[in-house]
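Please look over this protein before reading the notes.

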Amino acid sequence: MALTTYSVSPPILYPDNEVVVSSQLADISTAGSCWAVSPVRGQIVRAYSALHRAISGADATWSLESNNVAVTKSTVTVAYSGSTAGDTDGIAISAANTTGRVNEGDNIEFRSLGESTDAAIVTFSAVIRVG
């Protein structure tokens, strides 16, 4: 019997000093916002969205703010073409981006510009690296 070997990539390890906060917006296709509260002091390093149903008509865009200040380079486009429930989109935010710094108790705002059609709930998550 011949021995078969497989090449396996090592898993991507993320630091254990990250926390996730989430919020839900009733309709990504309508301009609006939803908020989460940072439970720690740190840096927003990634953010994600998950659609609960398809959107149509146009792409939807969303971005982040912290304490009413836009987080630089945090705009995400959610494509309407081929969209479906469970579609996820996200962005990595540079640690050098000081607008992504948060303190315990700061608000994190997820802002949708509402360009698409078809009402669709969306869940947002922000990953905060403690420190």
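Two strands pair if DSSP finds at least two bridges between them. Strands (E, at least two residues) and helices (H or I, at least four) are DSSP runs, numbered from the N terminus. The model is predicted, so local features need pLDDT of at least 70 and side-chain atom pairs count only at pLDDT 80 or more, while totals for chains, interfaces and linings use all residues. Residues are numbered from 1 along each chain as its sequence is written, and side-chain values use heavy atoms, with hydrogens and water left out.

**Fold and surface**
- The protein has ten strands and zero helices.
- Its pattern along the sequence is β-β-β-β-β-β-β-β-β-β.
- Of its 131 residues, 39% count as buried (under 20% relative accessible area; exposed is over 50%, partly exposed in between; 1.4 Å probe, protein chains only).
- The accessible surface is about 7,400 Å², and carbon and sulfur atoms hold 55% of that (Shrake-Rupley method, 1.4 Å probe; for residues, only the protein chains shown count as cover).
- Among contacts (heavy atoms within 4.5 Å) with a separation of 6 or more, 80% join residues 24 or more positions apart.

**Strand pairing**
- Strand 9 (residues 107-112) pairs with strand 2 (residues 32-37) in the antiparallel sense, over six bridges.
- Arginine 111 in strand 9 is the bridge partner of serine 33.
- Strand 9 also pairs with strand 4 (residues 60-66), antiparallel, over five bridges.
- Serine 112 in strand 9 is the bridge partner of tryptophan 62.

**Nonpolar core**
- A nonpolar core is a set of buried Ala, Val, Leu, Ile, Met, Phe, Trp, Tyr and Cys residues joined through side-chain atoms within 4.5 Å.
- The largest one has 26 residues, and Ile28, Ile44, Trp62, Leu64, Ile108 and Phe110 have the most contacts inside it.
- Strands 1 (18-25), 2, 3 (42-51), 4, 6 (76-78), 9 and 10 (122-130) each give two or more residues to this core.
- Strand 10 gives the largest share, four residues.
- Leaving aside residues up to four places away in sequence, isoleucine 108 touches residues including Val21, Trp35, Ile44, Leu64, Val102 and Ile128.

**Valine 19**
- Valine 19 lies in strand 1.
- Is valine 19 buried or partly exposed? Valine 19 counts as partly exposed because its relative accessible area is 25%.
- Valine 19 touches Pro39, Val40, Ala126, Val127 and Ile128, with residues up to four places away in sequence not counted.
- Valine 40 is 21 residues from valine 19 in sequence, and their C-alpha atoms are 8.2 Å apart.
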